[in-house]
Amino acid sequence: MVIPQGPNQRWSLDFMSDALEDGRRFRVLNVIDDFSRECLAAVADTSIGGARVAREMDRIAQLRGYPCLVVSDNGTELTSNALLKWQEDRKVDWHYIAPGKPMQNGLVESFNGRMREECLNEHLFPSLRHACRMIAAWRADYNHHRPHSSLDRITPWEYHQRSREDQTLNRANLLTRTLGGAGHRLQ
């Protein structure tokens with residue numbers, strides 16, 4: 001697969017699971033922008049089916065726009081009729097990794113490892129609400145306060161913002177050249 005050169009070119013998603021103090025299981029749906037390494041969503045709930053995944057993807061897209069491509073494993077939630085219809089209706093390409101080859105989706109797998117080590121393994125969750133709050137706080141810290149060596153030692157949010165500024169500057173430069181040089185100002 002081509003390395004993304006900008007935001008929303010490729011998102012990766014995967015599920016994790018954990019348990020509350022009383023033993024009830026819950027799942028976490030993680031969605032990552034592969035370009036900026038930003039965690040776009042970390043949704044925790046006791047059940048997350050294909051229709052819920054589609055709703056969460058639409059919620060993210062309201063803020064960020066739709067991705068060109070999504071990469072995931074081929075779990076039942078991700079191959080459901082609801083998600084296949086979502087892909088078709090929104091013209092989003094989807095790539096399913098080979099069964100048993102999680103490193104084909106390495107960025108989200110790496111993210112999952114960090115979340116497991118730094119959040120899920122560090123806390124006991126008395127309730128789903130508590131788990132959601134702790135995961136949201138960890139996600140905010142990951143996106144906004146932790147520099148990443150793969151991103152020139154800046155945070156995923158800063159990397160995303162810098163990319164948006166670069167894209168805006170590049171568009172302005174292209175329009176200036178197209179309209180005949182520096183003498184033309186865009187209104």
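The questions and answers below go through the sheet, the helices and the salt bridges of a predicted model.

Me: In what order do the 5 strands of the open sheet stand?
Reply: Strands of a sheet pair through backbone hydrogen bonds, either parallel or antiparallel. In this predicted model the pairing is mixed and the sheet is open, with a twist that averages 20° from one strand to the next. The order of the strands is β3-β2-β1-β4-β5.

Me: Which strands stand at the edges of the sheet, each with a single partner strand?
Reply: The sheet is open and its order runs β3-β2-β1-β4-β5. Because a strand with a single partner has one side left without a neighbour in the sheet, the edge positions belong to β3 and β5 (93-96).

Me: Which strands does α1 lie across, and at what angle does α1 run to β3?
Reply: Helix α1 has 15 residues and reaches 21 Å from its first C-alpha to its last, close to the 21 Å expected at 1.5 Å a residue. The strands that α1 lies across are β1, β2, β3, β4 (69-72) and β5, and the angle to β3 is about 150°.

Me: Which strands does helix α4 touch where it packs on the sheet?
Reply: The 17 residues of α4 should span 24 Å at 1.5 Å a residue, which agrees with the 24 Å between its end C-alpha atoms. Its buried residues are L128, H130, A131, I135, W138, Y142 and N143. Helix α4 (residues 128-144) makes about 170° with the direction of β3, and the strands touched are β2 and β3.

Me: How are α1 and α2 oriented to each other where they pack?
Reply: The two helices pack with their axes 7 Å apart and at an angle of about 30°. The contact is made by G50, A51, V53, A54, M57 and D58 of α1, together with A82, L83, W86 and R90 of α2. Because angles under 35 degrees count as roughly parallel, α1 and α2 are therefore roughly parallel.

Me: Is E56 buried or exposed?
Reply: E56 lies in helix α1, and among the other residues of this helix that are buried are R52, V53 and M57. Leaving aside residues up to four places away in sequence, E56 touches L29 and V43. With a relative accessible area of 11%, against a limit of under 20%, E56 is buried.

Me: Which residues are linked with E56 in a network of salt bridges?
Reply: Side chains of opposite charge can pair when their charged atoms come close. A search of the whole structure finds 12 salt bridges. In the network that includes E56, the linked residues are D45, R52 and R59.

Me: With which residue does E38 form a salt bridge?
Reply: In this salt bridge the closest N and O atoms are 2.9 Å apart. The pair links distant parts of the chain, 26 residues apart, with E38 in the loop between β2 (25-33) and β3 (39-45) and its partner in helix α1 (residues 50-64).

Me: Which residue takes a positive phi just after α1?
Reply: Among the buried residues of α1 is R64, and helix α1 covers residues 50-64. Just after this helix, a positive phi of about 90° is taken by G65.

Key
Residues numbered from 1 in each chain as written. Predicted model: local features only at pLDDT ≥ 70, side-chain atom pairs only at ≥ 80, totals over all residues. Heavy atoms only, no water. Salt bridge = Lys/Arg side-chain N within 4 Å of Asp/Glu carboxyl O. Helix = DSSP H or I, 4+ residues; strand = E, 2+ residues; numbered from the N terminus. Pairing = 2+ DSSP bridges. Axes fitted to C-alpha atoms, helices over the stretch in contact; angles between N-to-C directions. Contact = heavy atoms within 4.5 Å. Expected span 1.5 Å × (residues − 1). Buried < 20%, exposed > 50% of the residue type's maximum accessible area, 1.4 Å probe, protein only. Parallel < 35°, antiparallel > 145°, perpendicular 65-115°, else oblique.
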